[in-house]
Amino acid sequence: MGASEENSALFPIFVLTLMALPLVPYTIVNLFGAFKKKSAKINCQCSVCVRSGKYHKSIFRRISNFSTYSNLTLVLLWVVMAVLVYYIKHISTEVQIFEPFSILGLEHGASDSEIKKAYRRLSIQYHPDKNPDPEAHSYFVEFISKAYQALTDPVSRENFEKYGHPDGRQGLQMGIALPQFLLNIDGASEGILLLGIVGVCIILPLTISVIYLSRSSKYTGNYVMHSTLAAYYHLMKPSLAPSKVMDVFIKASEFMDIPVRRSDEEPLQRLFVLVRSELNLDLKNIRQEQAKFWKQHPALVKTELLLQAQLTRETAALSPTLQRDFRHLLELAPRLLEELMKMAIIPRPPVGHGWLRPAIGVVELSQSVVQAVPLSARKAAGASSEGYAPFLQLPHFSDAVVKKIARKKVRTFQDFRDMTPDEREDLLTQVAGFSNSESHDVELVLKMMPSVTIDITCETEGEEGIQEGDIVTMHAWITLNRGSGLIRALPHCPYFPFDKEENFWLMLADSFSNDVWLSQKVSFMDEATAIIAVSKTIQESKEGSGASAREINVAVKEALEKVKNGSRLVMGKFQAPAEGNYNLTSFCLCDSWIGSDAKSNIKLKVMKRSRAGTRGGFAADETPAMEDGIEEDEEEEEDDYDDYESEYSEDEEDTKETKSKGAVANGSAHNKGKGSSSDESDSEAE
């Protein structure tokens, strides 16, 4: 019984050890990650972002941000560990070693007379007849009497002096650190033990499995409902205009689950009046249009009005309950827009290409939601194909400010960015009436805006040209530059209440046929992952081409240097189409900034496959020697391509000029482009 009690006392120590093994390193990693995030200042430092309280949160916001399920569980486990430590230190009994000489207050080797004297002295102090204290009685019986017997009995004393125990040599004892009630199995404890075993070993795993399977059957790996993906897939159309993308976006099942309360009717009515101009209602039949709008599903009405409140920055009219729904909607928006983008560019039969027009519309909607800019501001006006939307993402800018600076022949956002800082300061202070601090905020945001360039090559590996049916490999280097010198940064978006990472979508598309041949998401936030990926890619590519180890090391070193300087490598493969000349366009679209997109034109020549399997064609330096008839045919084919109607389309003259200067190298296409607003100057430089 004594051994079982000792083992039972060790049970809290056993539990404490099991908890500490995973909990301590997990806490250290979390604290290190939080400290690292806090020390890295990659967010916008303008006064508008500071006043928004988005990054410099109050103590209440910090507590609410900390109050996640994982953090609360972590704190709860540490509280349990603290209680266990207190219990072990103050309540658990310490195992004491039996020392007869120490108990009687004697030294080793004491004589029998000394032992008897010490016993009589302690008996007077602890004997039950002399001391009525129950603890004294217990100490006398369990320690003093046993010590006297162990030292007065010759055999016991010899065993103690020889083996350290009155009973002689002791064998190895092992026990189980379990609570006492589990060790005392009787009629009552058997049922409790059985229920505990069934609950822990059977019911608990089954409950966890059912919860996990029910959740996994409802959500994807990106925490988006399967029903949402199905709706997006079937509602996505190749001719879907950018202005109609929102009608598809709001039909997510996550938005349909947002509750619609009776108390929301009046605030939504007021919000409808404020955002009515953005709802694409027919003004000629405004009453019928309004009635038709309110007859929709209440969840759709609420979602669209809350989304328009973000785009028009009319969030002050929202009630407290609508504010909570509004934040929940914006929290879901980035990952839902990402899935909507995937549904636009997913390969579709019969040719296995995605659709360019709806993909551009999804990116435009994402930009507008993050920057809180109405979609109507993106309509082409004057010399700007993007409208005045890029100006509205700058701090302190409004429609009136844009009109004022337009009188000074600053018609496009690129014109504004191309100005020197002194010229911009003079323009903003003298024309727009900005203060020096407000002008400084504008400069800070402009330095945070990314400028992207694309260096893209399409070729058939190991072959000189591209024949129909070949597997073509696309190599694209996407390079990002900022005036601030940062590569990894968060966009300026004070009206978006959550941290939003910049993501770019690279698409190789045919604007004439609305086909997206290749697409990939690109991020500049994680340099370590990009270094690992590019090292592996370059090494495998060079090994496949038969390069030596030295050449591989040089190529990998150059690629790593590019990544550290703000470049990302994107590779993809596609099957060459039928024979002909194809005018493709590479788009690099940012989902967070308006006016930071890039595109470049690339000509792809696909030759007819010969019967013998040999490859014909001319080398790059032989291109001018082609027959006149072939050149005329190519010019006629180029004239057949119509400009793609979107904000990324160029003027007719610019398009012809760019086409005439595209590079064709015997079916191997190579081109380099910059931002969409400076395509003309880039093509002239080439």
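How many bridges join β7 to β8? Nine bridges do, and the two strands run antiparallel. The legends below start with an overview and then move to close-ups.

**Overview: the whole chain.** This is a predicted model, in which local features need pLDDT of at least 70, side-chain atom pairs count only at pLDDT 80 or more, and totals for chains, interfaces and linings use all residues. Residues are numbered from 1 along each chain as its sequence is written, and side-chain values use heavy atoms, with hydrogens and water left out. The protein has 29 helices and ten strands. Helices (H or I, at least four residues) and strands (E, at least two) are DSSP runs, numbered from the N terminus. Of the 686 residues, 41% are buried. Buried means under 20% relative accessible area, exposed means over 50%, and partly exposed lies in between (1.4 Å probe, protein chains only). Contact means heavy atoms within 4.5 Å. Among contacts with a separation of 6 or more, 70% join residues 24 or more positions apart.

**View 1: the open sheet.** Five strands form an open sheet in the order β1-β5-β4-β7-β8, with antiparallel pairing. Two strands pair if DSSP finds at least two bridges between them. Strands of a sheet pair through backbone hydrogen bonds, either parallel or antiparallel. The edge strands are β1 (354-355) and β8 (598-606), and each pairs on one side only. Six antiparallel bridges link β4 (residues 504-510) with β7 (residues 580-590). F504 has C590 of β7 as its bridge partner. Helix α18 packs on the sheet and touches β1, β4 and β5 (515-522). The direction of α18 makes about 15° with that of β4. Helix α19 (residues 356-371) also packs on the sheet, touching β1, β4, β5 and β7. The direction of α19 makes about 15° with that of β7. Here axes are lines fitted to C-alpha atoms, for helices over the stretch in contact, and angles run from 0 to 180 degrees between N-to-C directions.

**View 2: strand β7, residue by residue.** Eleven of the eleven residues of β7 are buried, so the strand is largely enclosed by the rest of the structure. In a regular strand the side chains alternate between the two faces of the sheet. From β7, G580, Y582, L584, S586, C588 and C590 point one way. N581, N583, T585, F587 and L589 point the other way. Look for two pairings. T585 of β7 stands opposite A509. L584 has I602 of β8 as its bridge partner.

**View 3: one face of helix α12.** In helix α12 (residues 226-235), the residues T228, L229 and Y232 are buried. Seen down the axis of α12, the buried residues fall within an arc of 100°, so they line one face of the helix. The arc is that of the directions from the helix axis to the C-beta atoms. An α-helix has 3.6 residues a turn, so residues three or four places apart point the same way. The buried residues of α12 pack against α13 (245-249), α14 (253-256) and α18 (320-345).

**View 4: two nonpolar cores.** A nonpolar core is a set of buried Ala, Val, Leu, Ile, Met, Phe, Trp, Tyr and Cys residues joined through side-chain atoms within 4.5 Å. The largest core has 58 residues, and F249, L305 and M507 touch the most other members. Elements that each supply at least two residues include α15 (265-275), α17 (298-312) and β4. The largest share, 13 residues, comes from α18. Leaving aside neighbours within four places in sequence, L305 is in contact with L268, L271, F272, V275, L279, F293 and W294. A second, separate core of 54 residues includes F413, M474, F574 and A598.

**View 5: A530 in helix α25.** A530 is found in helix α25 (residues 527-544). With 14% relative accessibility, A530 counts as buried. Leaving aside neighbours within four places in sequence, A530 is in contact with V563 and R568. A530 and L569 are 39 residues apart along the chain, and their C-alpha atoms are separated by 8.1 Å.

View 6: A disulfide is a pair of cysteine sulfur atoms within 2.5 Å. By this rule there are zero disulfides. C49 is in no disulfide, and its nearest cysteine sulfur, that of C46, is 3.7 Å away. C49 is buried at 2% relative accessibility. C493 is in no disulfide either, and its nearest cysteine sulfur, that of C49, is 6.9 Å away. C493 is buried, with a relative accessible area of 1%.
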